[in-house]
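Please read it alongside the coordinates.

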Amino acid sequence: MNYTALINQINKWATELGFSQVGISDIDLSEAEAHLKNWIEKGFHGQMEFMHKHGSMRTHPEQLVEDTIRIISLRFDYSYKSVIPYQEILKQPNKAAISRYAMGRDYHKLIRKKLKTLAEKIKQEIKGFNYRVFTDSAPVMEKAIAEKAGIGWIGKHSNVINTKSGSYFFLGEIYTNIPLPISKKASFHCGTCTKCIDACPTKAIVAPFQVDARRCISYLTIEHKGEIPKEFHKAIGNRIYGCDDCQMVCPWNKFSCDSKVTDFLPRNQFDEPDLKELLSWDEKTFLKRTEGSPIRRIGYDSWRRNLEIAYLNKRGCK
Ligand code: SF4
């Protein structure tokens, strides 16, 4: 098997499908495993029980998919320069700020479908190629895998950054049993910068590479169920779904690339929604307007909770 030719072919197919980068990782995630264990022991995962409920499957790919020896990691850019900058919305309390990745179509199905198409093309080329595809959908250490596969390094805010495209991208993985040549691990380029740590509105980045999810606005507005602790209400401002602050200040995002597809362009004016209008939505309207959007996943109760905090902040209530 000429693996160099195969890798070139995979790159070509991936580009045609809208991916921006491909890398190959082995399955030794021992370094990431130690980091994850430490993070969980500190309780930084909050209510995200799924972070440890699958045991060692997350850090041992061969336990999740038998016979896995390589992982194809792929980058899919989701931002657009034409979209109103997030920082502009943060300055307008009558508007609601939605994380950039969630303004358009739900990425889960779309990326998964593209990964499957790519994997099927490889399967036709190589006898015995077995695979399973993932995108934020199973116990997969996608950031550590991406770093090992050369897609980018894990920044101090714990997101993956690429020198040519910043950090506004989704990741996808193809687990496989074929001994593809391994890519060079991405090198670290944060240097002495601490912009993300300093900018975090709730001081959730408690140390480089250590995000206490229980303080993170992204976690609080999306993953956390029930009341959000009062101590974070003011800092939440008008952020009603996720938070892009740590990525927004990262110097590497000057280089972010436009997505190759239009699917992630804002729907329902989600790049600058009017807070009062969103508050007027009943559950039926919420379900209708968020059809095909990742926002729908949080459910109406969490949506209302987030909007009410933003509204109280607009009114200057304590
Ligand atoms: S803001 Fe600075 S420290 Fe944070 S991820 Fe970007 S380069 Fe690294």
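1. Asp 212 is buried, at 7% relative accessible area, in this predicted model. Its partner in a salt bridge is Arg 214, with 2.9 Å from N to O. Arg 214, by contrast, is partly exposed at 36%.

2. A further salt bridge joins Glu 231 and Arg 215, whose closest N and O atoms are 4.0 Å apart. Glu 231 lies in the loop between helix H9 (217–223) and helix H10 (233–236), and Arg 215 in the loop between strand E9 (210–211) and H9, so the pair ties together parts 16 residues apart in sequence. Glu 231 is exposed at 58%, while Arg 215 is partly exposed at 26%.

3. Lys 288 and Glu 291 also form a salt bridge, at 3.6 Å between the closest N and O atoms. The structure as a whole contains 15 salt bridges.

4. The largest nonpolar core comprises 53 residues, and Ile 174, Ile 240, Phe 264 and Trp 303 have the most contacts inside it. Helix H6 (residues 107–125) is its main contributor, giving 7 residues. Domain 1 (3–82 + 104–176) and domain 2 (195–251 + 267–314) each supply at least three residues to this core. Beyond its neighbours within four places in sequence, Trp 303 is in contact with residues including Ile 240, Trp 281 and Phe 286.

5. The residues surrounding the ligand include Lys 156, His 157, Cys 190, Cys 193, Cys 196 and Cys 250. By class, the shell divides into 7 nonpolar, 2 polar and 2 charged residues. At least three shell residues come from each of domain 1 and domain 2.

Terms used
Residues are numbered from 1 along each chain as its sequence is written. This is a predicted model: local features need pLDDT of at least 70, side-chain atom pairs count only at pLDDT 80 or more; totals for chains, interfaces and linings use all residues. Side-chain values use heavy atoms; hydrogens and water are left out. A nonpolar core is a set of buried Ala, Val, Leu, Ile, Met, Phe, Trp, Tyr and Cys residues joined through side-chain atoms within 4.5 Å. Buried means under 20% relative accessible area, exposed over 50%, partly exposed in between (1.4 Å probe, protein chains only). Helices (H or I, at least four residues) and strands (E, at least two) are DSSP runs, numbered from the N terminus. Domain bounds come from an automatic or database domain assignment. Contact means heavy atoms within 4.5 Å. A residue is near a molecule or strand if one of its heavy atoms lies within 4 Å of it. Ala, Val, Leu, Ile, Met, Phe, Trp, Tyr, Cys and Pro count as nonpolar, Asp, Glu, Lys and Arg as charged, and the others, Gly among them, as polar. A salt bridge is a side-chain nitrogen of Lys or Arg within 4 Å of a carboxyl oxygen of Asp or Glu.
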